There are 2 protein chains.
Amino acid sequence: MQPLYKEEFRYQAVERTILDMIEKGLLSPGEKLPSLRQMKATTGFSLTTVNQAYLELENKGIIQARPRSGFFLRTVVRKAPKVTINKPVKPACRPVNRSSMIHSCMESVGDPRLIPLGLALPHESLLPVKRLSMVAAKVMRYQSARGMAYESVQGNKDLRSKIAFRSLDSGVLYNPEDLIITSGTLEAITLALRTVTRPDDTVLIAEPCYFAFLQILELLGLKAVSVRSCPENGIVLDDARQVLEKFKISACLLSPNFANPDASLMPTERKKELVRLMALKEVPIIEDDVYTELYFTESRPEPLKAYDQKGLVLLCSSFSKTLAPGYRVGWLEPGRFREEALKVKAGTNPHSATPNQMIVAEYLAQGNFDQHLKKLRRKVYCQVEAIQQKIGCVFPREICCSRPTGGMFLWLKLPQGVDAWELFLNAQAKGVAIIPGNVFSCHQGCLNGFIRIGCGHPLTPRIEKGFNILGELVNEMANAKKKAYKHLQASGLA
Amino acid sequence: MQPLYKEEFRYQAVERTILDMIEKGLLSPGEKLPSLRQMKATTGFSLTTVNQAYLELENKGIIQARPRSGFFLRTVVRKAPKVTINKPVKPACRPVNRSSMIHSCMESVGDPRLIPLGLALPHESLLPVKRLSMVAAKVMRYQSARGMAYESVQGNKDLRSKIAFRSLDSGVLYNPEDLIITSGTLEAITLALRTVTRPDDTVLIAEPCYFAFLQILELLGLKAVSVRSCPENGIVLDDARQVLEKFKISACLLSPNFANPDASLMPTERKKELVRLMALKEVPIIEDDVYTELYFTESRPEPLKAYDQKGLVLLCSSFSKTLAPGYRVGWLEPGRFREEALKVKAGTNPHSATPNQMIVAEYLAQGNFDQHLKKLRRKVYCQVEAIQQKIGCVFPREICCSRPTGGMFLWLKLPQGVDAWELFLNAQAKGVAIIPGNVFSCHQGCLNGFIRIGCGHPLTPRIEKGFNILGELVNEMANAKKKAYKHLQASGLA
């Protein structure tokens, strides 16, 4: 993992000291931590730094402050081991057919009676609710007539300027005239796919791949061929090469930065090589960049677009994971396909909602977005850490969990024999909603040993209860499998 | 035409008196009208009624009040003759391919430098800007967190209840649980088409047909077969019967109430027969109902859905023509296809924008919508009348103009030999944007003798200038054609 925020180095040293103590058996769950002064003496840092570090650990859910008593160790801080990559499967190109399975998952996750452990959006406590509400009220009151009229096909000009300005950070400077505002990232991706493909074409995707992409492919009558992806390094380039040789690929649809569901990040060199590979065969790359801003490292990872010399990358993103999911304000930077993309936009959804665009443009103009993002990243990082700890605590030892450096997902490999879809159904029956790995694969029966955990929600008592239930279930199911296996073995059948 | 608002009978009597005077040569453009007292004496109505009638005529742009001088006749009140139906063409089923032509028109109409005579949306002066802005500001300020979160796939529950409640007027009572909120009517139609058709299927449409429908058909890879429609009675049922016999039709896509572009209204008996015809063959009907509320007659014309006993009608509508175009809040009542439609919605645009739905729901809850609609209808009616007058004034005598009883369009048949696409290009060069008939047909070269005029904008001096320019152009083009024809005749070639 790349270095964390500079100011966090010292906090990390404090954290490491505590982890050391746990490993050495000096500290057990429920026990009191060294006092601030003791820790100051041990680490040599100032009292303020140590205090900050303790608060940080509290935020992460690792320790707990008790009034007038000091800090106590909350959970066993055993992290689940890393997820590794799947074995290669023979690449195959096939029509996508996942709709009904995905629909069940969406219904489960959207059911307010269930504890949501699978959600892919930031909790409202992570968003600038108050400031955005003030901006929104102002815009709605004073620019109401404009807000009621249709926006142009390309979208609000001020907003496009602001997005273009912000693109500086990513190593590519967009031209506002090239951007197309969309109703969220999914519209941008649908638009991009319609721009560069025709029904029956084949699209290269990752395995695992965000289920909404699979649904879009299915609805557009596109075929998919998948290449393996691992949480550490994203897609396997050798797989991509093989696929390019074997199939006529009309487009790639990939999320190089903190992909949904495995939060994988492609290293820079792989990104460059991928863009080069595709450029050789003139294959357009549809790049989903929606989680990029949620990096836990020093700086924003660059998009594939930063290495795109031929205008082949169509970048799709939105404010749904960083500012206001419900506003549905996204964008497409269509590379050299601007004209065609505009035609498709004009032909299906010629005007994305006007007031939403105005509000986001005005919010960006006020200049607090970067400050908000900084806070958001820290909070999401803390939540991801806390949930990892929790998973390490309640799940059986055989579980594997990704160690993301950004995004808001954990990708869990279940103990052998535990079926994700079965777990999904069992969990639902016990009041917990998760997303099983199956829906992230275009191959029937694949990824059925994985689940996706969303980390957008803080580890509240309710969410914690959800993890307890889920952990118990996985334990039960794993034990039942082991028992059945032993039984089979005993009877000489295994 | 059905009787107008009751209170308008007397105003009409006053109007007729004035028209009589003009016909008898007693009154010419620019001349002063009889005073209120003279008119009172002539008609026997009260001073208030006569005054109201004069104000009405002023609203319609027929007369002009001059301070301290009385009322003056503004334009020659000759209405263009009615448009009649086209000759039948042999029905043919073919892929749709109109995108680039439509794109040019959309660009022209959206260009702020051009005078827009083709727009399909109500001017802001017709919308409850102030009240909606207050509601919006309130919602955004006090329910901001909810507004930022994703809405459910089906959409805001309060909004669905309100829409269901309002459906009482239309003769069908919806169940809020059946409604799906969409981002405008076009999303509802796309959704409906995707629900009941597969690529390469054939869809029955009207000729003329709203160009956005043609674009959607094209993008979904659907084929179209068209049946004739006339401004007075909507589609010709004999054509529909013939098409049903000859082709395998997967769905109809029709606008029985005040269709775009010819504002045609199907009589009740035709509606019933159409639904019966389709039910016999189990053909789903996708009904675009977006202009229905803009009726100039006594009551709301009923949708096809009112006669739908098999759940075959998928009704699509929105608030885009009545409340806030830019909000993109529409709905689909999917009949018996609820489950499938929800799946398609979840698979492409799972969450329509949240705050927009909340604002419309709150606005409807405040109970002023009907009052607003009443005003809106009257204003649109006046604008349609005024623009008809203007057209009668500035265009050559050979022009034919529809006489709609609702909606916001006039459908003009150009003098023989004047090509609509040529007129579109010429008008654009002179700073006027219109929509040529060509883009409303799925057949190459058809409807090239028609143009659509939008009546959503009041007849301001700028719009009036636009009509003057357009009228002059049509005159020129018609004369040039006549001359060329005479020349040909003289040289014995014609």
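Visitor: What area is buried between chain A and chain B, and what share comes from carbon and sulfur atoms?

Guide: About 4300 Å² is buried between the two chains, and carbon and sulfur atoms give 66% of that area. In chain A, Met148(A), Tyr150(A) and Leu219(A) lose the most area to chain B. Together they make up 18% of what that side buries. Keep in mind that this is a predicted model.

Visitor: How many residues does each chain bring to the contact?

Guide: Chain A brings 52 residues, and chain B brings 52 residues. Between the chains there are 0 salt bridges. The count of residue pairs in polar contact is 11, with both partners at pLDDT 80 or more. Several helices of chain A each supply at least two residues to this side, including H4 (99-110), H9 (211-219) and H12 (338-348). The largest share, 8 residues, comes from H5(A).

Visitor: Why is His103(B) called buried?

Guide: Buried means under 20% relative accessible area. His103(B) has 12% relative accessibility, so His103(B) counts as buried. His103(B) lies in helix H4 of chain B. Leaving aside neighbours within four places in sequence, His103(B) is in contact with Leu342(A), Lys343(A) and Ala346(A).

Visitor: What makes Ser226(A) buried?

Guide: The cut-off is under 20%. Ser226(A) has 9% relative accessibility, so Ser226(A) counts as buried. Ser226(A) is found in strand S7 of chain A.

Visitor: Why is the pair Ser226(A) and His443(A) called a polar contact?

Guide: The N or O atoms must lie within 3.5 Å, and one must be able to donate a hydrogen that the other can accept. The side chains of Ser226(A) and His443(A) are joined at 2.9 Å. That distance is within the limit, so the pair passes on distance.

Visitor: What makes Arg228(A) and Asp239(A) a salt bridge?

Guide: The test is a side-chain nitrogen of Lys or Arg within 4 Å of a carboxyl oxygen of Asp or Glu. Arg228(A) and Asp239(A) have their closest N and O atoms 2.9 Å apart, so they form a salt bridge. The pair links distant parts of the chain: Arg228(A) in strand S7 and Asp239(A) in helix H10 of chain A. Both residues are buried.

Visitor: Why is Lys305(A) with Glu333(A) said to tie parts together?

Guide: Their side chains meet in a salt bridge of 2.9 Å, N to O. Lys305(A) lies in the loop between strands S10 and S11, and Glu333(A) lies in strand S12, so the pair ties together parts 28 residues apart in sequence. Lys305(A) is buried, with a relative accessible area of 6%. Glu333(A) is buried too, with a relative accessible area of 6%.

Visitor: Why are Arg241(B) and Asp238(B) separated by about one helical turn?

Guide: They are 3 residues apart in helix H10 of chain B, which means about one helical turn between them.

Visitor: Which residues have the most contacts inside the largest nonpolar core?

Guide: They are Ile453(A) and Ile453(B), in a core of 263 residues. Among the residues that Ile453(A) touches are Leu117(A), Phe409(A) and Phe467(A).

How values were computed:
Residues numbered from 1 in each chain as written. Chains lettered and ligands numbered in written order. Predicted model: local features only at pLDDT ≥ 70, side-chain atom pairs only at ≥ 80, totals over all residues. Heavy atoms only, no water. Core = buried A, V, L, I, M, F, W, Y, C linked by side-chain atoms within 4.5 Å. Buried < 20%, exposed > 50% of the residue type's maximum accessible area, 1.4 Å probe, protein only. Contact = heavy atoms within 4.5 Å. Buried area = accessible area lost by both parts, 1.4 Å probe. Helix = DSSP H or I, 4+ residues; strand = E, 2+ residues; numbered from the N terminus.
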